[in-house]
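Me: Please walk me through this one and tell me what each label rests on.

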Amino acid sequence: MDLSTKYKINWCPGCPNFAILEAFKQATTDLVTTGKLKIENLVVGSGIGCHGKISDYLNINGFYGLHGRIIPTMTGVKLANPALKVVAFSGDGDSLAEGMEHFIHGAKRNSDISLFLHNNQVFALTIGQVTPTSSKGYKGRTTPEGSVEEPIIPLALSLLSGATFIARTYALKIPETKEIMKQAMEHKGFALVEIIQPCITFFDSRDYFKDRLEWLPKTYDKKDYQGALKELTNPGDKTKLGIFYQASKPTFEAQL
Ligand code: SF4
């Protein structure tokens with residue numbers, strides 16, 4: 001199915017956001033063609049940042065939120081019409097700087113929404129300022145001599161806050177990202193998928209991640225909360241990808 005719009009895509013040529021867009025289109029197409037989702041019941045929203053333009057490029061019911069406010073906005077959409085499948089796109093600057101409180105409360109409530117977090121470790125739309133996930137030493141417009149702060153771990157924070165689906169993938173791995181997106185969208189409850197998305201213009205981390213990415217082993221038990229916490233907070237020198245945790249708990253909307 002064609003989920004494209006007539007708008008010209010103005011991400012930088014080669015930006016991994018193109019790969020995220022493609023993975024999401026494929027995930028949505030799979031869910032619709034297998035009868036698991038009606039396209040008219042899908043709503044996507046996005047915040048402010050390079051990621052936010054994705055709403056313009058999808059021929060799906062959409063909503064452009066204020067900076068950092070896409071989680072409460074989409075929680076409201078779900079509350080107003082629980083029959084809808086709700087997906088929020090956000091970025092590390094959007095949901096972890098401006099929207100940090102909403103990021104925590106969305107997980108705490110176990111709102112039935114999927115959050116696809118484009119983590120490029122930089123404020124890219126405003127041309128290169130430090131965000132809460134920027135690496136220590138990152139040299140940008142607000143940290144010309146290098147950031148002295150340690151980055152936060154969004155998945156660990158969300159797990160501790162109450163999220164019931166926690167996953168990480170890499171934007172340029174389109175087939176795997178598609179499968180994780182599908183599982184997140186089928187999950188009942190707050191589903192966070194961190195998508196590592198190198199910003200090739202302001203923080204090109206492709207070389208850094210080249211030999212560092214490693215999928216969780218097949219024997220990994222995603223029901224083990226303590227195991228997930230340990231894996232996320234003691235990753236060693238690899239960046240692990242996959243579904244770290246999944247649990248079944250009552251959602252915010254069902255309890256209300
Ligand atoms: Fe992508 Fe970075 Fe360009 Fe934004 S500035 S479109 S994140 S490459």
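Reply: Let's start with Gln-121, which lies in the loop between E4 and helix H5 (154-161); helices (H or I, at least four residues) and strands (E, at least two) are DSSP runs, numbered from the N terminus. Bear in mind that this is a predicted model, where local features need pLDDT of at least 70 and side-chain atom pairs count only at pLDDT 80 or more, while totals for chains, interfaces and linings use all residues. Residues are numbered from 1 along each chain as its sequence is written, and side-chain values use heavy atoms, with hydrogens and water left out.

Me: Why does Gln-121 count as buried?

Reply: Its relative accessibility is 12%. Buried means under 20% relative accessible area, with exposed over 50% and partly exposed in between (1.4 Å probe, protein chains only), so Gln-121 counts as buried. Its phi is near 60°, a positive value in a residue other than glycine.

Me: What is phi of Asn-110, and why does Asn-110 count as buried?

Reply: Phi there is near 55°, again positive in a residue other than glycine. Asn-110 sits in the loop between helix H4 (100-109) and E4. Relative accessibility for Asn-110 is 4%, so it counts as buried.

Me: On to the rings: how many aromatic pairs are there, and what makes Phe-24 and Phe-89 an edge-to-face pair?

Reply: The count comes to 10 aromatic pairs. In Phe-24 and Phe-89, the centres are 5.0 Å apart, with 85° between the planes. Rings of Phe, Tyr and Trp (its six-membered ring) pair if their centres lie within 6.5 Å, and planes under 30 degrees apart count as stacked, over 60 as edge-to-face and the rest as tilted; therefore this pair is edge-to-face. It links distant parts of the chain: Phe-24 is in helix H1 (residues 17-33) and Phe-89 in strand E3 (residues 85-91), 65 residues apart. Both of these Phe residues are buried.

Me: Why is the pair of Phe-24 and Phe-116 edge-to-face?

Reply: Here the ring centres are 6.1 Å apart and the planes are at 65°, so this pair is edge-to-face. With Phe-24 in helix H1 and Phe-116 in strand E4 (residues 114-119), the pair ties together parts 92 residues apart in sequence. Phe-24 has a relative accessible area of 0%, and Phe-116 counts as buried at 0% relative accessibility. Elsewhere, ring pairs link Trp-11, Phe-18 and Tyr-57 into a cluster.

Me: How do you know that the charged end of Arg-212 sits over the ring of Tyr-208?

Reply: The charged end of Arg-212 is 3.9 Å from the ring centre of Tyr-208. The rule asks for NZ of Lys or CZ of Arg within 6 Å of the ring centre and within 35 degrees of the ring normal. Arg-109 also sits over a ring, that of Phe-252, with its charged end 5.4 Å from the centre.

Me: Which residues lie nearest the centre of the largest pocket, and which element gives the most to its lining?

Reply: Of 27 lining residues, Gln-121, Pro-151, Tyr-208, Phe-209 and Thr-239 lie nearest its centre. E8 gives the most, three residues. A pocket is an open set of points on a 1 Å grid over the protein atoms alone where a 1.4 Å probe fits, with protein on both sides within 12 Å along at least five of seven lines; lining residues have an atom within 4 Å of a point.
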